[in-house]
Amino acid sequence: FERARRLFEEALALADRRGAAECMMGLGLVFSEWGQYDTARQRFEEALAVFQSLGDRQNESECLREIGLTHWRQGAYDSAHRAFAASLDICRAIGDRQGEAQSLNNLGMAHTARGDQQETRRCWEASVALYRSLGLDKQAGGGLHNLGILYAGLGNYAAAQRGLEESLAIDLATGAKSEEAISMGWLGKLHLLRGEYDDARRRLEAAIALDREIGGTQETLWHFAWLGAVVYETGDLAGAKAHFQEAIRLAGEQNAAMGVFQACCLIAVHLALGDGAAALEAVRQNRTYAEMKGDASDMGAWHSMAG
């Protein structure tokens, strides 16, 4: 990305207005990858102004989508919603159906973050239908995966399974190993929610095997946590403990805050095994972490659990 940044900046000094705007877009993407969202948004907005002055509506809509993503990643969901909606309006006006599908998908993300699940469902279903009509199976698979998770959250397990199975079939057909592992893991979680522990275990073990083959995904720690919950429910406390510990280890590598759920599960296992001292030590470790973060809510919860 550093080399890309240098090349974009060198080209920027030589480019005409359109070329300069395209370089600004490229720089915005680089800064987004680095997590420097304010700087990225500034570059996208500079490019947006040029594209608007040139009457280039397609690039205008792309800039708006990227601006929306910077807001979304920073938790400014209302601002993200406005940018995605503006992009969608332009795509519909100029007949850009692929851009329309992308904007609908992004708009659904904003609705999810704002807690409006019905609007999320409407946007994602429309996005999947558009991608399918354009023959863009991989993108449709991503949308079906998101819909499956959404349906599971709404308690519609039959629709969730259909969406996730369709997404998995597309992942297998396109050779998308990372997406395959994630879809497989969520199917395992769905079986867990339904109390189908044998199927849950089969799916989650397959997901973990894929994770190991490809070097892991952002969902790997949850695959171990969910598998821990499965074997806990079937009475294998030692196995549950091992899986929760692995989930916590991975959480620590990625972001320790993600380990709270797994930590609670591990504490439950210690208690079920009759090892109160180990349970109390796990609580104290998490209380210490909450104190380091200065998170009053978490500190209160861990103090209460210690009591």
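Apart from its neighbours within four places in sequence, L144 is in contact with V128, R132, G163, L164, E166, S167 and I170. The model in which these contacts are found is a predicted one. L144 sits in helix α8. Its relative accessibility is 6%, and because buried means under 20%, L144 counts as buried.

A distance can also be given for L144 and A129. The two residues are 15 positions apart in sequence, and their C-alpha atoms are 9.9 Å apart in space.

## The chain as a whole

How many helices and how many strands are there in the chain? There are 16 helices and zero strands. The chain has 307 residues, of which 44% count as buried.

Contacts can be sorted by how far apart the two residues lie in sequence. Among the contacts in the chain with a separation of 6 or more, 49% are between residues 24 or more positions apart.

## Helix α2

Helix α2 runs over residues 17-33. With 17 residues at 1.5 Å a residue, α2 should span 24 Å, and the 25 Å between its end C-alpha atoms agrees with this. Just after α2 comes G35, which has a positive phi of about 80°.

Is α2 largely enclosed or largely open? Twelve of its 17 residues are buried, so α2 is largely enclosed by the rest of the structure. The buried residues are G19, A20, A21, C23, M24, M25, G26, L27, G28, V30, F31 and S32. They pack against α1 (2-14), α3 (37-54) and α4.

## A closer look at S32

One of the buried residues of α2 is S32. Its relative accessibility is 9%, which means that S32 counts as buried. Leaving out its neighbours within four places in sequence, S32 is in contact with Y37, A40, F44, T70 and R73.

## Helix α11

Helix α11 covers residues 197-214 and has 18 residues. From its first C-alpha to its last, α11 reaches 26 Å, close to the 26 Å expected at 1.5 Å a residue. The helix is followed by G215, whose phi is positive and near 90°.

Which residues of α11 are buried? They are A200, R203, L204, A207, I208, L210 and D211. These residues cover an arc of only 160° around the axis, which puts them on the same side of α11. An α-helix has 3.6 residues a turn, so residues three or four places apart point the same way. On the other side of α11, the residues D198, R212 and E213 are exposed. The cover over the buried residues of α11 includes α9 (157-174), α10 (177-193) and α12 (220-233).

## The largest pocket

Rolling a probe the size of a water molecule over the atoms shows where empty space is left. The largest pocket holds about 750 Å³ of space. It is lined by 24 residues, and those closest to its centre are W72, N105, N106, M109 and N146.

Which elements give two or more residues to the lining of this largest pocket? They are α2 (17-33), α4 (57-73), α6 (97-113), α7 (117-133) and α8 (137-153). The largest share comes from α8, with seven residues. By class, the lining of the largest pocket has eleven nonpolar, nine polar and four charged residues.

## The largest cavity

The structure has one cavity of 30 Å³ or more. The largest cavity has a volume of about 30 Å³. Its lining consists of G148, A152, L164, W186, K189, L190 and L193. One of these lining residues, L164, is also among the contacts of L144.

Where does the largest share of the lining of the largest cavity come from? It comes from α10, which gives four residues. Both α8 and α10 supply at least two residues each to this lining. Sorted by class, the residues lining the largest cavity are five nonpolar, one polar and one charged.

Methods: Residues numbered from 1 in each chain as written. Predicted model: local features only at pLDDT ≥ 70, side-chain atom pairs only at ≥ 80, totals over all residues. Heavy atoms only, no water. 1 Å grid on protein atoms, 1.4 Å probe; cavity = no way out; pocket = protein on both sides within 12 Å on 5 of 7 lines; lining within 4 Å. Points joined across faces, edges and corners; volume = space filled by probe spheres on them. Nonpolar A, V, L, I, M, F, W, Y, C, P; charged D, E, K, R; others polar. Expected span 1.5 Å × (residues − 1). Buried < 20%, exposed > 50% of the residue type's maximum accessible area, 1.4 Å probe, protein only. Arc of directions from axis to C-beta. Contact = heavy atoms within 4.5 Å.
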